[in-house]
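Subject: The structure, and what was found in it

Hello,

I am handing over the structure that we talked about, and below it you will find my notes on what was found. Please keep the structure open beside the text as you read.

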Amino acid sequence: MGQKVNPILFRLPVNRQWRSIWYADKKTFPRFIWEDYQIRKFIKKRLESAAVSRIVIERAGNRVRINIHTARPGLVIGRKAAELDKIKEEIADIVEKGREVLIDVKEVKHPELEAQLIAENIALQIERRVAYRRAIKRAIQLTMDAGAMGIKVRCAGRLGGAEIARAERYHEGKVPLHSLRADIDYGFAEALTVAGKIGVKVWICRKEDIATAVV
């Protein structure tokens, strides 16, 4: 009882796509998984201020295509694509030699409706010692104003520097987690504070698509 499932994983066969799109045999599968993890870790660290919501990696033959979804494409590309070329060279060192690295930058037009970006924004504010309640309520207001059907936020850890860790939930609108046709986005981030780590989870319900409902 009480077991939880990732909302994105739960909807994979219905209205979601894998974030690693490739096929491999038993020999190459572990290496590809490790490479994907290293690529994502590197990009998130390198483009920490570029509001990267998700990274989709596609492999076909000797090509590795990386789709970076970001709210600030200008920071990723840089002047005359200089920054993008540097990132490409550094990723080429991570992947197996002889593989061609291609990077596509895709703009996120509504960052207020991206759960990962909202979670990272709340975590960043908590790190900067903004009151966690104020940060959460402001994020909820922005998301609802952007046209979301509902949002749920869960914060856990030594909130406000308290001795005993606790979890608090904030909810507005409707977030039907059991409905497969609902477009639920999920994001998770951690705030590294003086008192310890504070975890932030965000669920956003953007719309319900009747056409993709499972009978």
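Predicted model: local features only at pLDDT ≥ 70, side-chain atom pairs only at ≥ 80, totals over all residues.

Asp 104 counts as partly exposed because its relative accessibility is 25%, a value between the 20% under which a residue is buried and the 50% over which a residue is exposed. Setting aside residues up to four places away in sequence, Asp 104 touches Arg 65, Ile 66, Asn 67 and Ile 68.

Helix α2 is made of residues 29-46 and helix α4 of residues 82-94, and the two pack at an angle of about 150 degrees with their axes 10 Å apart. Because an angle over 145 degrees counts as roughly antiparallel, α2 is roughly antiparallel to α4. Their crossing is right-handed. From α2 the contact takes in Glu 35, Gln 38, Ile 39, Phe 42, Ile 43 and Arg 46, while α4 supplies Glu 83, Lys 86, Ile 87, Glu 90, Ile 91 and Ile 94. Sorted by class, the residues of this contact are six nonpolar, one polar and five charged.

The other pair starts with helix α5, which runs over residues 115-127 and so has 13 residues. From its first C-alpha to its last, α5 reaches 18 Å, close to the 18 Å expected at 1.5 Å a residue. Its buried residues are Ala 115, Gln 116, Leu 117, Ile 118, Ala 119, Ile 122, Ala 123, Gln 125 and Ile 126. Helix α6, residues 132-145, packs with α5 at an angle of about 155 degrees, and the axes of the two are 9 Å apart. That angle makes α5 roughly antiparallel to α6, and α5 passes α6 in a right-handed crossing. In the contact, Ile 118, Ile 122, Gln 125 and Ile 126 of α5 meet Tyr 132, Ala 135, Ile 136, Arg 138, Ala 139 and Thr 143 of α6, and by class this contact has seven nonpolar, two polar and one charged residues.

A further point concerns the backbone. Just after α5, Arg 129 takes a positive phi of about 70 degrees. Ala 51, in the loop between α2 and strand β2 (52-60), has a positive phi near 55 degrees, and Ala 51 counts as buried because its relative accessibility is 17%. Ala 81, in the loop between α3 (73-77) and α4, has a positive phi near 60 degrees, and with a relative accessibility of 25% Ala 81 counts as partly exposed.

Lastly, where is Ala 146 placed? Ala 146 is found in the loop between α6 and strand β5 (150-157), and with a relative accessible area of 34% it is partly exposed. Leaving aside neighbours within four places in sequence, Ala 146 is in contact with Glu 112 and Leu 113. The C-alpha atoms of Ala 146 and Arg 206, which are 60 residues apart along the chain, are separated by 9.7 Å.

Best wishes

Technical notes:
Residues numbered from 1 in each chain as written. Heavy atoms only, no water. Helix = DSSP H or I, 4+ residues; strand = E, 2+ residues; numbered from the N terminus. Expected span 1.5 Å × (residues − 1). Buried < 20%, exposed > 50% of the residue type's maximum accessible area, 1.4 Å probe, protein only. Axes fitted to C-alpha atoms, helices over the stretch in contact; angles between N-to-C directions. Parallel < 35°, antiparallel > 145°, perpendicular 65-115°, else oblique. Left-handed = near helix turned anticlockwise from the far one by under 90°. Contact = heavy atoms within 4.5 Å. Nonpolar A, V, L, I, M, F, W, Y, C, P; charged D, E, K, R; others polar.
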